[in-house]
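Visitor: Could you show me how to read the features of a model like this one?
Guide: Gladly; let us take them one at a time.

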Amino acid sequence: MTQVLRKFGVMGGTFDPVHYGHLVTAEAARREFGLERVVFLPSGAPPHKDPTGVTDAEHRYMMTVLATLSNPHFDVSRVDIDREGVTYTVDSLRILREIYGESTELYFITGADAILEIVSWKDPEKLLELAHFIGATRPGFSLDRVPQSTQEWLSHHPERVHMIKVPALAISSTDIRERVRTGNSIRYLVPEPVEHYIRRHNLYKHNL
Ligand code: NAP
């Protein structure tokens, strides 16, 4: 058995755009799980989304870089956006395990809503072998709404699937896009450089 020498977080998301809720989530997970580093992984073409409904990957990547620059524990990976075709998380985690080595334990962090769908992702059992999973819940989230079958599946893997409460996830990318589209302020919802980037590149002015 390989000895675990370090623990890295992998923050998976579309980040369309990245916002303070994501940054607070990554920092909370880092502290709670003793992660040395959190690598943000903007998605390429995730299997559950129509690519025409998502902003260009290079813009999402650039905004994520701008948002994370000031935290020495944060990094951004191009592993998903540089891959052709549909990007499954199981493949991303395999690649990251190769890059960081067997002695690095991975903690995949994302929204609880997404984590609770994990049973429908490609190769769920392999996913749990490759990483721990941390689901970040928004205010108002309740496990009661989760289907019984998912709850049962989760209860079989209590040591690999974790939940954290993140009040700052009251902020959402959907709301930010809508605010920009309707001319409302997004100040204090996203880091200032991200706000400037959105304005400079005229993002979210129209429904995709
Ligand atoms: P999504 O469906 O856009 O988001 C689900 C919810 O989670 C939204 O409320 C979203 O809020 C929130 N969320 C997303 N990323 C988050 C993060 N890192 N921290 C906290 N909250 C987050 O989910 P998605 O972004 O497309 O997918 C999440 C991750 O799961 C991605 O890495 C994706 O590749 C992976 N995934 C893999 C498969 C598969 O392999 N079959 C299938 C589905 C998803 P915001 O909109 O505010 O971010």
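Predicted model: local features only at pLDDT ≥ 70, side-chain atom pairs only at ≥ 80, totals over all residues.

Visitor: How many bridges join E4 to E5, and how do the two strands run?
Guide: Strands are DSSP runs of E with at least two residues, helices are runs of H or I with at least four, and both are numbered from the N terminus. Two strands pair if DSSP finds at least two bridges between them. Here E4 and E5 run parallel and are joined by six bridges. E1 and E4 also run parallel, again with six bridges, and Arg6 has Thr104 in E4 as its bridge partner.

Visitor: Is E4 enclosed or open to the outside?
Guide: Buried means under 20% relative accessible area, exposed over 50%, and partly exposed in between (1.4 Å probe, protein chains only). Six of the eight residues of E4 are buried, so the strand is largely enclosed by the rest of the structure.

Visitor: How many aromatic pairs does the structure hold?
Guide: Rings of Phe, Tyr and Trp (its six-membered ring) pair if their centres lie within 6.5 Å; planes under 30 degrees apart count as stacked, over 60 as edge-to-face and the rest as tilted. The structure holds six such pairs. One of them joins Phe15 and Phe40, tilted at 45° with 5.7 Å between centres. Phe15 sits in the loop between strand E1 (6–13) and helix H1 (20–33), while Phe40 belongs to strand E2 (residues 37–42), 25 residues apart. Both Phe15 and Phe40 are buried.

Visitor: Which parts does the pair of Phe108 and Phe133 tie together?
Guide: This pair is tilted too, with 5.5 Å centre to centre and 50° between the planes. Phe108 lies in strand E4 (residues 104–111) and Phe133 in strand E5 (residues 131–137), so the pair ties together parts 25 residues apart in sequence. Phe108 counts as buried at 5% relative accessibility, and Phe133 at 0%.

Visitor: Which residues do ring pairs link into a cluster?
Guide: Phe15, Phe40 and Phe74.

Visitor: Where does the charged end of Arg78 sit?
Guide: A charge sits over a ring if NZ of Lys or CZ of Arg is within 6 Å of the ring centre and within 35 degrees of the ring normal. The charged end of Arg78 sits over the ring of Tyr61, 4.7 Å from its centre.

Visitor: Which residues come nearest to the ligand?
Guide: A residue is near a molecule if one of its heavy atoms lies within 4 Å of it. Of the 23 residues around the ligand, His22, Lys49, Thr89, Arg138 and Ser173 come nearest. A side-chain N or O atom of His22 is 2.7 Å from a ligand oxygen, and one of Thr110 is 3.1 Å from a ligand nitrogen. For Ser173, a backbone N or O atom lies 2.9 Å from a ligand oxygen.

Visitor: Where does Ser173 lie?
Guide: Ser173 lies in helix H7 (residues 173–181), and counts as buried at 13% relative accessibility.

Note on methods
Residues numbered from 1 in each chain as written. Heavy atoms only, no water. Polar contact = N/O pair within 3.5 Å; in protein donor to acceptor, adjacent residues only side chain to side chain.
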